[in-house]
Amino acid sequence: VIVTARPSRSREIEDSSKNGSELLCVVRAVLKKIKRRVLVGDKVVVGSIDWADRRGMIENVFQRSSEILDPPVANVDHLLVLFSLEQPRLDSFVLTRFLIEAESTGIPITLALNKVELVDQEVLSDWNSRLRSWGYEPLFCSVDSKMGLDTLASVLRDQTTVILGPSGVGKSSLINALRNKPDSHDEADNWFDPIMGCKWFEDQRVGEVSTRNGRGKHTTCNVSLLPLGGGGYVADTPGFSQPSLLKVTKQSLAQYFPEIRTVLSVNEPAKCTFKDCLHVGEPGCIVEGDWERYPLYFQLLDEIKIREEFQ
Ligand code: GDP
Ligand code: ZN
């Protein structure tokens, strides 16, 4: 059984099973005693089930394949980094920060660029070749004109995905579009009919951002997993609204740049002379500076060095 939400104060947890029934569960006291937190996304063993009342008790938590902190979700197997080409305009430094934060989780990443209908072909192919040179294969989409949504839906299928990206790029709109495949409103309301009594299947409110934390108002309290039509889940809380990069050290930064990572792995066993090489022109460094994001790498390295000095 997968835990899909922790929405209420009075109840410990709610979860739902694949066959479409949901149970309101409490966590067994012994799990709390040994401080086993139950996260959204956890796979759990549920016992003492009362089908009439739809109640159960979480007896055990399976080992997690991954765990991210913002939002707190277990067993995430895919990150979708979503940016828009315009409104707001794609910025290579902001995008790099999100990509670094995503790379630092070790979870596979898909990069998608939304609002393609707002730019001309030239801008598109320019970004396409730039992002390929960074080591990514971007998908282009437009939630408004429904371009590229089928591809995105198939990329998300059967996975648990967290969507990352700055505010305003269309994350909530995309989640709605992927979940409410039918066009007519009536149909959309019944799209997940087999799964009953779930308040959290309400539409995401689009474009509503609270000034306090820059997140949508609906996302302040809890994250939940929304089932996708074709199987799989998407977290309804966009992750890392402001990538802090706090867990990234100056030694680890290089491995989050595909441009550096590939040079180092291709040249195995040839390595930089110094084991702790930061690839900023040290003697015997095999990473050259002939790539677009090299200055951004420098800039981030400086930022991290300063932070580490003051820690
Ligand atoms: P979020 O903050 O990332 O969740 O972004 P929202 O989903 O709230 O969308 C922000 C704004 O962008 C809304 O006004 C959407 O209608 C708009 N939007 C979303 N997708 C597209 C698109 O493909 N094209 C255009 N032009 N606008 C879009
Ligand atoms: Zn080096």
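In this predicted model, helix H7 (residues 258-266) has Pro-258, Glu-259 and Ile-260 buried. Helix H2 (92-103), helix H3 (121-134) and helix H8 (294-309) are among the elements that cover the buried residues of H7. Phe-257, in the loop between strand S13 (233-235) and H7, pairs with Tyr-297 in helix H8.

- Phe-257 and Tyr-297 are 40 residues apart, and their pair links distant parts of the chain; both residues are buried.
- Tyr-294 and Tyr-297 form a stacked pair, with 6.5 Å from centre to centre and 15° between the planes.
- About one helical turn separates Tyr-294 from Tyr-297, because the two are three residues apart in helix H8.
- Tyr-294 is buried, as is Tyr-297.
- One aromatic cluster is formed by Phe-257, Trp-291, Tyr-294, Tyr-297 and Phe-298.

**Packing of H4 against H5**

- The axes of helix H4 (residues 149-156) and helix H5 (residues 171-179) come within 11 Å and cross at roughly 80°, which means that H4 is roughly perpendicular to H5.
- From H4, Leu-149, Leu-152, Ala-153 and Leu-156 meet Leu-174, Ala-177 and Leu-178 of H5.
- Seven residues of this contact are nonpolar, with no polar and no charged ones.

**A charge over a ring**

- Arg-130 sits over the face of Trp-127, 4.1 Å from the ring centre.

Conventions
Residues are numbered from 1 along each chain as its sequence is written. Chains are lettered from A and ligands numbered from 1 in the order in which they are written. This is a predicted model: local features need pLDDT of at least 70, side-chain atom pairs count only at pLDDT 80 or more; totals for chains, interfaces and linings use all residues. Side-chain values use heavy atoms; hydrogens and water are left out. Axes are lines fitted to C-alpha atoms, for helices over the stretch in contact, and angles run from 0 to 180 degrees between N-to-C directions. Helices (H or I, at least four residues) and strands (E, at least two) are DSSP runs, numbered from the N terminus. Angles under 35 degrees count as roughly parallel, over 145 as roughly antiparallel, 65 to 115 as roughly perpendicular and the rest as oblique. Contact means heavy atoms within 4.5 Å. Ala, Val, Leu, Ile, Met, Phe, Trp, Tyr, Cys and Pro count as nonpolar, Asp, Glu, Lys and Arg as charged, and the others, Gly among them, as polar. Buried means under 20% relative accessible area, exposed over 50%, partly exposed in between (1.4 Å probe, protein chains only). Rings of Phe, Tyr and Trp (its six-membered ring) pair if their centres lie within 6.5 Å; planes under 30 degrees apart count as stacked, over 60 as edge-to-face and the rest as tilted. A charge sits over a ring if NZ of Lys or CZ of Arg is within 6 Å of the ring centre and within 35 degrees of the ring normal.
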